[in-house]
2 protein chains.
Amino acid sequence: MKKPLRIPTYWFVPIFLALVTGASARVGHLMPQPASLEWSEGRLAIDASFDVGITGRSDPTLRAAASLALRELSLRTGIPIVNSVSSDPGATLVLQCAGQGEQVQSLHADESYELQATSKQVRIKADAPVGIVRGLATLMQLVEFDTEGFAVPGVIIRDRPRFPWRGLMIDVSRRWIPAGIIKRNLDAMAAVKLNVFHWHLTDDQGFRVESRVFPRLHEMGSDGNYYTQQEVREIVAYARDRGIRIVPEFDMPAHTGSWFPGYPQLASAPGPFLMDRELEIRDAAIDPTREEVYEFLDRFIREMAALFPDEYLHIGGDEVNGKQWAANPKIQEFMRVHGMKDHHDLQVYFNQRLLGILQKHGKKMIGWDEVLHPQLPKDIIVQSWRGQSSLADAATHGYMGILSSGYYLDLMEHASASYVVDPLSAETANLSKEQQSKILGGEACLWTENVDMQNVDSAIWPRAAAMAERLWSPADVADVDSMYHRLKGVNRQLQWLGLKHWTSSRMMLERLAEDADPAPLFVLDQVLEPLNCDLRRQVHHYTFLTPLNRLVDATPPESDPAREFGALAAKWQTNATDLRSRLALWRDNRTRVMPLLRSSVLLQEAVPLAEEVSAVANGGLEALDYLESKRPPAPDWIDRQRALLKDAAKPRAELLIAIVPGVTKLVDAAAAVH
Amino acid sequence: MKKPLRIPTYWFVPIFLALVTGASARVGHLMPQPASLEWSEGRLAIDASFDVGITGRSDPTLRAAASLALRELSLRTGIPIVNSVSSDPGATLVLQCAGQGEQVQSLHADESYELQATSKQVRIKADAPVGIVRGLATLMQLVEFDTEGFAVPGVIIRDRPRFPWRGLMIDVSRRWIPAGIIKRNLDAMAAVKLNVFHWHLTDDQGFRVESRVFPRLHEMGSDGNYYTQQEVREIVAYARDRGIRIVPEFDMPAHTGSWFPGYPQLASAPGPFLMDRELEIRDAAIDPTREEVYEFLDRFIREMAALFPDEYLHIGGDEVNGKQWAANPKIQEFMRVHGMKDHHDLQVYFNQRLLGILQKHGKKMIGWDEVLHPQLPKDIIVQSWRGQSSLADAATHGYMGILSSGYYLDLMEHASASYVVDPLSAETANLSKEQQSKILGGEACLWTENVDMQNVDSAIWPRAAAMAERLWSPADVADVDSMYHRLKGVNRQLQWLGLKHWTSSRMMLERLAEDADPAPLFVLDQVLEPLNCDLRRQVHHYTFLTPLNRLVDATPPESDPAREFGALAAKWQTNATDLRSRLALWRDNRTRVMPLLRSSVLLQEAVPLAEEVSAVANGGLEALDYLESKRPPAPDWIDRQRALLKDAAKPRAELLIAIVPGVTKLVDAAAAVH
């Protein structure tokens, strides 16, 4: 489990951004925003005759992508567009691909494309099929419902990504995420042009891929939930059709607790080993001193290398605490004989051996920060959970890197926080151009301590779309208001793609309400935000068998109503009526929601939250009274409100009240009346 | 297209039912209600240690069903239940199956089971695996969230279906329904114990299954959207794991317009043939006089018989209008030579030949009413779209039958209307026991003139669950209030299974609102109901290329808020405050929704609807004023309101205002004040 230091991300906000961007030109719902965009006259009306012609090179990926686009277009518009893909240059949508695609999409795939829409036709040109796939993703977001109906507005777009590695990692080891959910997340990734799915398949808490060579890995190393090889093949093909590489991770030599119940001979400690379900990082580590281990890994990597075609294979390599190595006299003896001074040296030895195995089976290595070592070849990639400094360090030594610090979805940051994290900022900002070219991009990461198949979509989306824009769009695309506006469009789009990021929360709240009217619970929940998993485990004992069915689990990471309320409160002078109706709803919801909360064993913990929300909203209404009447409040009112807000800012039931900052603005404004 | 006569279904309501049932004993969320149920003490708390032991015979279906149940249990409760299926008799859930399953599930499969839940264990016993599958479906609905958490209450259930054929038909020819949507509908079917998926694969508007023997069938007979044989095999296996038979329909000799573009030699009229997309029933019919046709059908049926393992194959056989046969001199000559007096005789000849082909390939025949003919063997089944009288007729002659009249989902009847339609009522009520045993059950049917992949789930669910109960539960399970109460539970359950019956409407309304706040549109839409497809096409020209993206397409078949409002209005004396707040919401929504309606090319048609809803709601509020003040209204107020209600009852934009009956109750009550 890779956790960045808990430095609030706003420390990294380049303050000047707001000054140089501001409300930008019309960008519609495009996310990520293209490198260059020029609106033109005319609109192409969409009707049932919409068809596709492939005029350049044709390959199966292109035809699959065209069919997918037609299906999505039909779903998004409600217009029954037939699945018509020909080579007609007069088709409504013409795809013109100059070159052949790679057998297996690589890091160097050319994703650039040009899209031109006129009132007669849309043309997408690219040098490679994956560029066409990206252009089609743009086209899907260009579709708008204007005054005459569904149409594509006239436009010329020339687009290419800023970074070649734009990933999403999902930890499927700690909590099980079924194949169908992976597929719909691949759809969502493609919609926002993410191009690497990093599949964290193994860890202490579960070995999630079928191994036919060593079947006890998944049989004894999981709770019965794992991907069959058939499912893996389907997912790999599914991703390929969407221009997404799949990089599997087999985390070694630590995070290997799930390997040992089936194969104790790999372990550094004596067995027996049983799967356990605690959250803490385990000491379990592979024994790097035994030749048998490398014979095992050779056969295992051979099997996995055949299953996963990508050039890169992620070996993890993080958080080796060395305890089991220190406790094993044979390992200590080995280290002494080989002149290794600490467990880092031993890990370097292990990585060297592992690298040889990877190379033998045609794979390049990617690993977390800790793998970086001058003896490794320059085609390895370092994934940084520590921050820009380790990326800068790697680049200085000629190594490639990707950033994940700042992009941890499970830290429950707002989209705006991750949005301003740039792989080329802080320590990497001052690198030479040559060195900067080693920074390949970044990855949004979802660790699943507090996320499972119920709420995984909402833990990722729409926030990952903001990160996708950071990694695709030019660095100066940085208007937060525009980002949030376009995120709404992405939200709608992803629903049509089958994502449950909006509905899962409602379903989980309805479950809590059982047969009662859930509406008051919706009203309460819309002003709440969950603590991140680190803070949650400080106040509640979690294992991987802890149910995720409480209010906090149902609550999406970021409250849109609270953000909108905060924006209105900042301009209360022109929004008083609107603010009042929102505040009254939240204040008066107390009496409606309380019977539900009190009667439920799972909701009782939210009783104080409902009280606080009501009191905070009431304070906001009183503040508006003072502001509108221009009557200064009594000093003790101000003190009371500030004490109340301070108290309300504390977490309860692992939740925060997200309207506290907005109401604080109103109280501060009222306090300034004189 | 099989359309029953448009007799309002309430004609068939057995009035006495309401008298003998009334508010029944606690049945929780069980739907269909079991044949016998006895609550007992105790509760089995559900936690992460929940596991399954299979103690009797084990087979792959059982293990698959157990894993599916654990997955659903985990999703429904938010408790991370591991996928643990063993043979442990001490497991939390023990499945004890006495006999082996059929190789291919038949009409005679034994679906009976016993379920006993105590505070320690749940035991499901059955003679056949499919009985266990049904018991598991019951268990899923027994799970409740009580004052202590998620649990299964103590209970003894002995259950068996009333009818062996409980089907759902989906027409995938007219509008394309992708494989994933079929699968989730199979999940929903299994949840309510439906056991036959009747797949209407071919019709004039599309040939939707891949034929490798005659590939021009799907290539030229579809818009590019069809199921590959691989998809068919997956769906057949998926259904088998859920105890569902799949009966494919290849509608012949009429409804074959999609066969002829690829194979004009089958047709009764000279070509050339092109796919067309008009709604009307076509004249296209196979030429039954040519031997070449039977050679073709022999090879085609051989291929399909291998693909679809069920013992029955549906040959359609409906709506042969005989026009092309009458216009073809060679066919006329054939009829004369063979002494056939009309096209019915020719269809009988065709059916006889087709029957021989079916039998050669090991299949029994099922067809719509029209196929019934004394020369056919007694193992054929007649599916009645005409009503109980044709079933009675068939049974009298020793033929088996299933009822679909009254179960047409596209007629947009309320769940309560279909709920009271009993296969053993009206003409079939007076048959002998022996004859009644020929009535095998029924099928809910969805024809897709006005339904496509966007809204297919809401066109089927939850209404089909009420029909499922009619076909499974004892005839005296007929309490409509109880049915609606339990339907709510089914609604929630189906969401966890991935159905979009609740969310699709919201998504379609959000699409209409584009970037505007969709809330006023939700408020308007909740009191509306769509016309059925027959009435819709009277006021609007439809083809199969007509977009389904208007307000009427987004509106679910039955308005729950309107039904609840009607129930409250019937007892206005105790509900005045509640009624007022609802009516005020609907009245005042006019000003909020109007800008949205006026600005949208697709919503403009709803402007008069919004006016009417507001006026109707206002009338309801005024009626309450009179009622609560006990002040008689002036006669002209009464006249005005009645005229208004009469006008408001007319369809607008193919929608009806569903609160008109409720407000009428209030106005009538006010008119009676004196």
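The legends below describe close-up views of a predicted model.

**View 1. The contact between chain B and chain A.** Chain B and chain A each bring 53 residues to the contact. The area buried between the two chains is about 4,400 Å², and carbon and sulfur atoms account for 58% of this area. Two salt bridges are counted between chain B and chain A. One of them joins the side chains of B:Arg492 and A:Asp515, with an N to O distance of 3.1 Å. Polar contacts between chain B and chain A involve 25 residue pairs, with both residues at pLDDT 80 or more. On the side of chain B that touches chain A, two or more residues come from each of α2 (60-77), β7 (144-146), β8 (149-159), α16 (480-496) and α17 (503-513) of chain B. Helix α17(B) gives the largest share of this side, seven residues. Sorted by class, the side of chain B that touches chain A holds 20 nonpolar, 18 polar and 15 charged residues.

View 2. A:Asp223 sits in the loop between α5 (216-220) and α6 (229-241) of chain A. With a relative accessible area of 14%, A:Asp223 is buried, because the limit for a buried residue is under 20%. The side chain of A:Asp223 makes a polar contact with the side chain of A:Arg208 at 2.8 Å. The side chain of A:Asp223 also reaches the backbone nitrogen of A:Asn225, at 3.1 Å. When neighbours within four places in sequence are left aside, the residues in contact with A:Asp223 are A:Arg208 and A:Arg277 from chain A, and B:Val82, B:Asn83 and B:Ser84 from chain B.

**View 3. The salt bridge between B:Arg208 and B:Asp223.** In chain B, the side chains of B:Arg208 and B:Asp223 form a salt bridge with an N to O distance of 2.8 Å. The pair links distant parts of the chain, 15 residues apart: B:Arg208 is in the loop between β11 (206-207) and α5 (216-220) of chain B, and B:Asp223 is in the loop between α5 and α6 (229-241) of chain B. B:Arg208 is buried, at 0% relative accessibility. B:Asp223 is also buried, at 15% relative accessibility.

**View 4. Strand β17 of chain A and its partners.** Strand β17 (residues 439-446) of chain A is mostly covered, with eight of its eight residues buried. Strand β9 (residues 165-171) of chain A runs parallel to β17(A), and six bridges join the two. Within β17(A), A:Gly441 stands opposite A:Trp165. Strand β16 (residues 400-403) of chain A also pairs with β17(A) in the parallel sense, over three bridges. The bridge partner of A:Gly401 in β17(A) is A:Ile439.

View 5. B:Asp298 and B:Arg302 form a salt bridge in which the closest N and O atoms are 3.9 Å apart. The two residues are four apart in helix α7 (residues 291-307) of chain B, so about one helical turn separates B:Asp298 from B:Arg302. B:Asp298 is buried, with a relative accessible area of 14%, whereas B:Arg302 is partly exposed, at 45% relative accessibility.

**View 6. The salt bridge between B:Arg652 and B:Glu612.** The closest N and O atoms of B:Arg652 and B:Glu612 are 3.1 Å apart in this salt bridge. B:Arg652 is buried, with a relative accessible area of 16%. B:Glu612 is buried as well, with a relative accessible area of 10%.

**View 7. A salt-bridge network in chain A.** A network of salt bridges links A:Arg536, A:Arg550, A:Asp553, A:Glu605 and A:Glu654. Over all chains, the structure holds 90 salt bridges.

**View 8. A:Pro635 in helix α24 of chain A.** A:Pro635 belongs to helix α24 (residues 635-648) of chain A. A:Pro635 is exposed, with a relative accessible area of 60%. The C-alpha atoms of A:Pro635 and A:Ala671 are 8.2 Å apart in space, and the two residues are 36 apart in sequence.

Terms used: Residues are numbered from 1 along each chain as its sequence is written. Chains are lettered from A and ligands numbered from 1 in the order in which they are written. This is a predicted model: local features need pLDDT of at least 70, side-chain atom pairs count only at pLDDT 80 or more; totals for chains, interfaces and linings use all residues. Side-chain values use heavy atoms; hydrogens and water are left out. Contact means heavy atoms within 4.5 Å. Buried area is the accessible area (1.4 Å probe) that two parts lose on being put together, summed over both. A salt bridge is a side-chain nitrogen of Lys or Arg within 4 Å of a carboxyl oxygen of Asp or Glu. A polar contact is a pair of N or O atoms within 3.5 Å; within protein, one must be able to donate a hydrogen and the other to accept it, and residues adjacent in sequence count only if both atoms are side-chain atoms. Ala, Val, Leu, Ile, Met, Phe, Trp, Tyr, Cys and Pro count as nonpolar, Asp, Glu, Lys and Arg as charged, and the others, Gly among them, as polar. Buried means under 20% relative accessible area, exposed over 50%, partly exposed in between (1.4 Å probe, protein chains only). Two strands pair if DSSP finds at least two bridges between them.
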